[in-house]
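Try each task before you read its solution.

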Amino acid sequence: MRLSMVLALISSIMPVFAGAAADSESGKMAVTVPKENGLLPFRATEKQLPNGLKVIVIPTGMPNLISLQIPVKTGSRNEIEAGKSGFAHFFEHLMFRGTKEISVDKYGEILARAGVHSGAYTTEDLTNFHMTFFKEDLESMLQVEAQRFQNLWFSENDFKTEAKAILGEYNKNSTHPLRRLLADAHEAAFQKHPYRHMPLGFLQDIEDMPNQYAYSKVFFERWYRPEYTSIVIAGDVNPEKAIALVEKYWGKWQQGKERVTIPVEPTPTGPVYKPVIWSGATLPYVTVSFHAPAFSVENKEHAAIKLLFSMVFGEDSELHERLQQREQKVDELYDFTPSNLDPGLATVVARVKKPEDVIYVRNAILEKMADLAQNPISEKELADAKSKHRYGLIRRLDNTEEIAATLTSYIHYQRSYATFNQFQQLTDELRPSDLQAAAKKYLRDEGMVVTTMSNAALPTGVGQLPGLASFKKTNTASKLNILVQASSLPQINFKLIFNAGSVHDPMGKEGLAALTAAMLASAGSTEYKTDEIRQTLSPLAASFSVQTDKEMTSFTGSVHKDNWETLMRVAMPQLLSPSFREEDFVRLKDAQKTALLVDLKRNNDEELAKEALQSMAFSGSAFAHPVLGTVKGLDSITLDDVRQFWKQAYTQGAIQAGIAGDVNESMLDSLQQALSKLPQGRGFARIAAPVIPRHEGLAVQIIQKDNRSTAISLGFPIQVTRSHPDFAALWLAKTWLGEHRSSMGYLAKRIREVRGLNYGTYAYIEAFPKGMSEFLPIANRARQAQLFEIWIRPTEPENADMALRISLSELDKLIQQGLSKEQFEMVRDYLMKNVFMMMMRQDQQLAYAMDAQWQGTPEFTQMMRTQLSKLRVEDVNAAIKRHLNVENMSIVIVAKDTANLKERLLADRPLPIKYDVAQPKELLEEDRVIGQRKLNIKASSINILPVQQVFAE
């Protein structure tokens, strides 16, 4: 889709804005910011329009793509009226409802035709709308975004429908105890300032949102104004032309008339303790927070506290190593120190393994806090922390989208490009005395807030907080063919892939592949212990990590080219000569079991349903159990099992290697030499792809769990992988149904946008774990057998079987009627561009290239664009009929009231949807027809399983 075609589409449904304002009308002339010797040495151009809108344009020198970010200085900080929390986040959603000229469907179609990668997020201080696209579409994107910012329109029915989706998001998040804990910590810490509530808002306010239509207009008129908004344009862009386009489409936007004062929080009078009781199963949590300074590029205090907490409580800290590895009191310890516009909280979070250790862990944190005020950090420790910070930023900022996103997180403070480099320079200038001074000022009893969470009784005295003064200071073979993707980037990424995954777990030892891989990446070597490796790599922002999947395990190394030799010397021996220390084995085995029992089964209904669907669909095969293993399998694994698995799997004949960046011959030679130290042998052979007969009819597994909402996943195995001739056709079909966060997803439109039943519904033809946190598929999970899956995000329990019927009905309609030519062309146009979005980063490009080697296919973008260009709508519809069905599939439902749900499924009559607003007759008739759809599920095909028994053995 060319620019002219997109513009034509927009012009057909909306009037063109007035022309660009003349220079004489501009409040300020465009100013080119001099190139700085900072972490981002770009030359930016800035201009403030007469209406107060700030425009910042940054040519990055990277071709083809542009990232447009529109931060509005409106977050939970701006929700000043009682009973009105959550509206900043609400408008993050409402902004996608369209205008009178551009409906939500038209908006999605415009973005889809332009192949846009878009989204939004809300924090305490801002709401940011972002999109990345090809440079030819800049004008069309500025035009359509200007329309919705200046002319947003939604009916009261739309408002109430979206309110149900917001409640669905709250319900989805309510299964994770940490979200509740942090929310309660803020509520305890703040009395007047809106930081008292988190961006999602208080539950009672969310439940009342359907009644707040009139107030929503007040909130929008107050805060969605040009004086609070910036437009950041980064990438392959001409600053003069970009600013002219902004003036053309945004110049007539009117300033707001109301000026509101944010309440000032009084001086804290702590310490404060707040216990939180969690009804579900969870490991105990303890958080220790202190009131902390606001973000500043002039005052060093915020930069000092942020760096100090990262150093002393982060994953590379001595306390982390002590509590997690040596003493094994916690399985998580980290700092959370956001950079807020107003004074906020600096927090340390610990997840404790045993309730009786909560006081010990809390006191260990407080003891370290007290020590920071008494004893300065050493010059070397501070230099290492600065080095890690600098190299970490450089490593991440390797593509236009990431550069634009990172800049935006700083630009919103003063609406200036310079803020980013100013803050980095301020951080670089910190001295140990600055950190100690900040600790003395802010780490005081008056500003302390401690929270605990548990579902079991905690030790007596947990609420009696000791003062900081009570803590005394303490002392504490054949040459390997390596795939090379050379670039000018100084960050070097390398990957090592082995044919070793969960399909190779011995029976009764499920989880062995993942545990062995964790030992090879996080348990040290015969030369170095884990803390020695961490202390060496941390100042370099270098890493050596691992990912285990069904059929492969991939190790990833990342380091600045200046420090290549250090990474090879210190990190690689973990793989080549692992230590296999007993204490590391116990620690990592415990962590893996916690990930299975707590992170997956207890805290994540959606991933639980998806993982259980995999197990159900591939029952009886090596693909059935999770990569994490089973409880019984993990309990049976010994350290000798790990040693033996390493000897079998990690051999020279089983490896596939690749490297990317500014690579030289010396690096290749050292990598070759290192890998030649692996044992000889072919390793594990690939297992044959399982041939799984489809269920006759619908087979349902209901996982009984005490939760607020109901999560559903349904699907069946398919033999279509990337080497299959129908892969591109099915990829297009699932994109039409709805990939994660896509603006064109049909299922999400019918279930979320029209009916407000949940937070989203998506389809996949490849495994997509971590779907809530990842927007794009994660590479190096290649499999010989895949699953067609529909993921229905949690809905209200009474609507669960109706959401299921809607999904089946829409899938059936697709199979029977196919895509229209217009639908087909829209999705194909989107995918022809979107395929590049999947590989924006250097490490993604390398990972996809290695997947192509493993699967024996051409490079992914080339393969997909070639196949898509040859596709006809008839080809896609034929592939849909060949591979998809609605009659025979597995369904997993995570629900509380399982008996009632089973009764409704067997009775084949769902509860009708109860809408809060009047709905069109056409929709009600559609509901009636869908409600009459017979599922024909047999009683013998429904299995109810308590969550405790899932993945038990």
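## Exercise 1: A covered helix and its partner

In this predicted model, helix α26 is mostly covered, with twelve of its twelve residues buried.

**Task.** Find the span of α26, then work out how its axis lies relative to that of α27.

**Solution.** 

Step 1. Begin with the length. The twelve residues of α26 reach 16 Å from the first C-alpha to the last, close to the 16 Å expected at 1.5 Å a residue.

Step 2. Next, list what is covered. Among the buried residues of α26 are Phe727, Trp731, Lys734 and Thr735.

Step 3. Now bring in the neighbour. The axes of α26 (residues 727–738) and α27 (residues 746–753) cross at roughly 20 degrees and come within 3 Å. Angles under 35 degrees count as roughly parallel, so α26 is roughly parallel to α27.

Step 4. Finish with the residues that touch. Trp736, Leu737 and Gly738 of α26 meet Tyr746, Leu747 and Ala748 of α27. The contact of α26 with α27 divides into five nonpolar residues, one polar and no charged.

## Exercise 2: A crossing pair

**Task.** Classify the crossing of α10 and α16 as roughly parallel or roughly perpendicular, and describe the residues in their contact.

**Solution.** 

Step 1. Take the axes. Those of α10 (residues 301–313) and α16 (residues 432–442) come within 9 Å, crossing at roughly 95 degrees.

Step 2. Apply the cut-off. The range from 65 to 115 degrees counts as roughly perpendicular, which makes α10 roughly perpendicular to α16.

Step 3. Look at who meets whom. From α10 come Glu301, Ala304, Ile305, Leu308 and Met311, and they meet Asp434, Leu435, Ala438, Ala439, Lys441 and Tyr442 from α16.

Step 4. The contact of α10 with α16 has eight nonpolar residues, no polar and three charged.

## Exercise 3: An open sheet

**Solution.** 

Step 1. Write down the order. The open sheet runs β8-β12-β9-β11-β10, with mixed pairing.

Step 2. Read off the ends. β8 (272–277) and β10 (330–336) each have a single partner strand, so one side of each is left without a neighbour in the sheet. From one strand to the next, the twist averages 15 degrees.

Step 3. Zoom in on one pair. β10 and β11 (residues 344–352) are antiparallel over six bridges, and Glu332 stands opposite Arg351 in β11.

Step 4. Pro271 is found in the loop between α9 (239–250) and β8, and the peptide bond from Gly270 to Pro271 is cis, with omega near 5 degrees.

## Exercise 4: An enclosed strand

**Task.** Is β17 enclosed or open, and which strands pair with it?

**Solution.** 

Step 1. Count the buried residues. In β17 (residues 655–661) seven of the seven are buried, so the strand is largely enclosed by the rest of the structure.

Step 2. Separate the faces. Ile655, Ala657, Ile659 and Gly661 point one way, while Gln656, Gly658 and Ala660 point the other way.

Step 3. β13 (residues 482–486) runs parallel to β17 with five bridges, whereas β14 (residues 491–498) runs antiparallel with six.

## Exercise 5: Positive phi and a buried serine

**Solution.** 

Step 1. Start with Asn64, which sits in the loop between β3 (54–59) and β4 (65–72). Its phi is near 80 degrees, a positive value in a residue other than glycine.

Step 2. Turn to Arg415, in the loop between α14 (400–414) and α15 (418–428). Phi of Arg415 is also positive, at about 50 degrees.

Step 3. Ser230 lies in β7 (residues 230–235) and is buried, at a relative accessible area of 1%.

How values were computed: Residues are numbered from 1 along each chain as its sequence is written. This is a predicted model: local features need pLDDT of at least 70, side-chain atom pairs count only at pLDDT 80 or more; totals for chains, interfaces and linings use all residues. Side-chain values use heavy atoms; hydrogens and water are left out. Axes are lines fitted to C-alpha atoms, for helices over the stretch in contact, and angles run from 0 to 180 degrees between N-to-C directions. Helices (H or I, at least four residues) and strands (E, at least two) are DSSP runs, numbered from the N terminus. Angles under 35 degrees count as roughly parallel, over 145 as roughly antiparallel, 65 to 115 as roughly perpendicular and the rest as oblique. Contact means heavy atoms within 4.5 Å. Ala, Val, Leu, Ile, Met, Phe, Trp, Tyr, Cys and Pro count as nonpolar, Asp, Glu, Lys and Arg as charged, and the others, Gly among them, as polar. Two strands pair if DSSP finds at least two bridges between them. Buried means under 20% relative accessible area, exposed over 50%, partly exposed in between (1.4 Å probe, protein chains only). The expected span of a helix is 1.5 Å times one less than its number of residues.
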